[in-house]
Amino acid sequence: MVEKENRYVVYCELLVKGLCTSSPNVKVEKITDDKGVLLTVFGISLGDIKRVIGKSGAHVGAIRELLRVAGAMEGARVAVKIAEPDGSLRVPRAPSPVHEC
(Lines give C-alpha, C1' and ligand atoms only; values in the text may rest on other atoms or scores of the structure.)
Protein backbone atom coordinates (compact mmCIF):
# COMPACT_ATOMS: atom_id res chain seq x y z
CA MET A 1 0.00 0.00 0.00
CA VAL A 2 1.24 3.49 -0.85
CA GLU A 3 1.73 5.98 1.95
CA LYS A 4 -1.02 8.58 2.05
CA GLU A 5 1.40 11.49 1.65
CA ASN A 6 3.00 10.08 -1.51
CA ARG A 7 -0.18 8.80 -3.13
CA TYR A 8 -0.46 11.70 -5.59
CA VAL A 9 3.21 11.42 -6.60
CA VAL A 10 2.95 7.69 -7.31
CA TYR A 11 -0.33 8.08 -9.19
CA CYS A 12 1.06 10.92 -11.33
CA GLU A 13 4.24 8.95 -12.11
CA LEU A 14 2.15 5.93 -13.10
CA LEU A 15 0.01 7.96 -15.50
CA VAL A 16 2.93 9.79 -17.11
CA LYS A 17 5.18 6.72 -17.42
CA GLY A 18 2.29 4.89 -19.09
CA LEU A 19 2.35 7.47 -21.88
CA CYS A 20 6.15 7.58 -22.27
CA THR A 21 8.13 5.15 -24.42
CA SER A 22 11.66 6.51 -24.03
CA SER A 23 11.68 8.39 -20.72
CA PRO A 24 12.78 5.99 -17.96
CA ASN A 25 13.83 8.82 -15.64
CA VAL A 26 10.43 10.46 -15.14
CA LYS A 27 10.34 12.00 -11.68
CA VAL A 28 7.59 13.87 -9.87
CA GLU A 29 8.39 16.49 -7.25
CA LYS A 30 5.74 17.42 -4.69
CA ILE A 31 5.47 20.84 -3.06
CA THR A 32 2.82 21.42 -0.41
CA ASP A 33 1.78 24.85 0.78
CA ASP A 34 -1.34 26.61 2.09
CA LYS A 35 -2.88 26.65 -1.41
CA GLY A 36 -2.58 22.88 -1.90
CA VAL A 37 -0.26 20.39 -3.56
CA LEU A 38 1.81 21.16 -6.68
CA LEU A 39 3.21 18.18 -8.59
CA THR A 40 5.97 19.03 -11.07
CA VAL A 41 6.92 16.34 -13.60
CA PHE A 42 10.58 16.21 -14.68
CA GLY A 43 12.58 13.95 -16.98
CA ILE A 44 10.28 13.67 -19.97
CA SER A 45 12.25 13.36 -23.22
CA LEU A 46 11.63 15.56 -26.25
CA GLY A 47 10.15 12.58 -28.10
CA ASP A 48 7.65 11.80 -25.34
CA ILE A 49 6.51 15.32 -24.50
CA LYS A 50 4.02 15.25 -27.38
CA ARG A 51 2.45 12.06 -26.06
CA VAL A 52 2.22 13.40 -22.51
CA ILE A 53 0.64 16.69 -23.55
CA GLY A 54 -1.58 15.17 -26.25
CA LYS A 55 -3.49 16.89 -29.01
CA SER A 56 -4.60 20.31 -27.77
CA GLY A 57 -3.48 19.32 -24.26
CA ALA A 58 -5.99 16.48 -23.95
CA HIS A 59 -3.71 14.01 -22.15
CA VAL A 60 -2.22 16.44 -19.66
CA GLY A 61 -5.71 17.86 -19.09
CA ALA A 62 -7.00 14.39 -18.25
CA ILE A 63 -4.07 13.76 -15.89
CA ARG A 64 -4.74 17.06 -14.13
CA GLU A 65 -8.45 16.29 -13.85
CA LEU A 66 -7.85 12.80 -12.40
CA LEU A 67 -5.45 14.14 -9.78
CA ARG A 68 -7.71 17.09 -8.98
CA VAL A 69 -10.63 14.72 -8.35
CA ALA A 70 -8.43 12.38 -6.27
CA GLY A 71 -7.37 15.35 -4.17
CA ALA A 72 -10.91 16.70 -3.83
CA MET A 73 -12.04 13.37 -2.40
CA GLU A 74 -9.59 13.99 0.45
CA GLY A 75 -10.14 17.73 0.71
CA ALA A 76 -6.88 18.73 -1.00
CA ARG A 77 -6.23 20.91 -4.04
CA VAL A 78 -3.83 19.23 -6.45
CA ALA A 79 -2.21 20.92 -9.46
CA VAL A 80 0.12 19.34 -12.05
CA LYS A 81 2.90 21.16 -13.92
CA ILE A 82 4.98 19.63 -16.73
CA ALA A 83 8.59 20.88 -16.72
CA GLU A 84 10.18 21.87 -20.01
CA PRO A 85 12.32 18.96 -21.30
CA ASP A 86 16.09 19.34 -21.58
CA GLY A 87 17.13 20.49 -25.05
CA SER A 88 13.79 22.09 -25.81
CA LEU A 89 13.86 24.78 -28.48
CA ARG A 90 10.55 26.29 -27.44
CA VAL A 91 10.71 30.06 -27.20
CA PRO A 92 8.86 31.46 -24.17
CA ARG A 93 5.87 33.61 -25.02
CA ALA A 94 6.21 37.34 -24.68
CA PRO A 95 3.90 38.86 -22.08
CA SER A 96 0.68 40.13 -23.59
CA PRO A 97 0.43 43.90 -23.79
CA VAL A 98 -1.79 45.65 -21.30
CA HIS A 99 -4.56 47.61 -22.98
CA GLU A 100 -5.87 50.65 -21.28
CA CYS A 101 -9.58 51.22 -21.62
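**Cysteines, sheet and overall build of a predicted model**

The structure holds zero disulfides. The model is a predicted one.

Q: How far is the sulfur of C12 from the nearest cysteine sulfur, that of C20?
A: A disulfide requires two cysteine sulfur atoms within 2.5 Å. C12 is in no disulfide. From C12 to the nearest cysteine sulfur, that of C20, the distance is 10 Å.

Q: Which cysteine sulfur is the nearest to that of C20?
A: C20 likewise takes part in no disulfide. Its nearest cysteine sulfur lies 10 Å away and belongs to C12.

Q: Is C12 buried or exposed?
A: A residue counts as buried under 20% relative accessible area. The relative accessible area of C12 is 0%, so C12 is buried.

Q: What is the relative accessible area of C20, and is C20 buried or exposed?
A: The cut-off for a buried residue is under 20%. C20 has a relative accessible area of 12%, and therefore C20 is buried.

Q: What pattern does the chain follow along the sequence?
A: The chain contains three helices and three strands. Read along the sequence, their pattern is α-β-β-α-α-β.

Q: What is the order of the strands in the open sheet?
A: The sheet is open, has three strands and shows mixed pairing. Neighbouring strands in it are turned by 20° against each other on average, direction ignored. The strand order is β1-β2-β3.

Q: Why is one side of β1 and of β3 left without a neighbour in the sheet?
A: In the order β1-β2-β3, strands β1 (27–33) and β3 (78–82) stand at the edges. One side of each lacks a neighbour in the sheet because each has a single partner strand.

Q: How many bridges join β1 to β2?
A: Strand β2 covers residues 36–42 and runs antiparallel to β1. Within β2, G36 stands opposite D33. The number of bridges joining β1 to β2 is seven.

Q: At about what angle does helix α3 run to β3?
A: Helix α3 comprises residues 58–72 and lies across β2 and β3. Its angle to β3 is about 155°.

Q: What share of the contacts with a separation of 6 or more comes from residues 24 or more positions apart?
A: The C-alpha atoms fill a box of roughly 50 × 40 × 20 Å along the principal axes. Among contacts in the chain with a separation of 6 or more, the share from residues 24 or more positions apart is 56%.

Q: What percentage of the residues in the chain is buried?
A: The chain exposes about 7500 Å², of which carbon and sulfur atoms supply 57%. Of the 101 residues in the chain, the buried share is 27%.

How values were computed
Residues numbered from 1 in each chain as written. Predicted model: local features only at pLDDT ≥ 70, side-chain atom pairs only at ≥ 80, totals over all residues. Heavy atoms only, no water. Pairing = 2+ DSSP bridges. Helix = DSSP H or I, 4+ residues; strand = E, 2+ residues; numbered from the N terminus. Axes fitted to C-alpha atoms, helices over the stretch in contact; angles between N-to-C directions. Contact = heavy atoms within 4.5 Å. Buried < 20%, exposed > 50% of the residue type's maximum accessible area, 1.4 Å probe, protein only. Areas by Shrake-Rupley, 256 points an atom, 1.4 Å probe, with all protein chains shown as cover.
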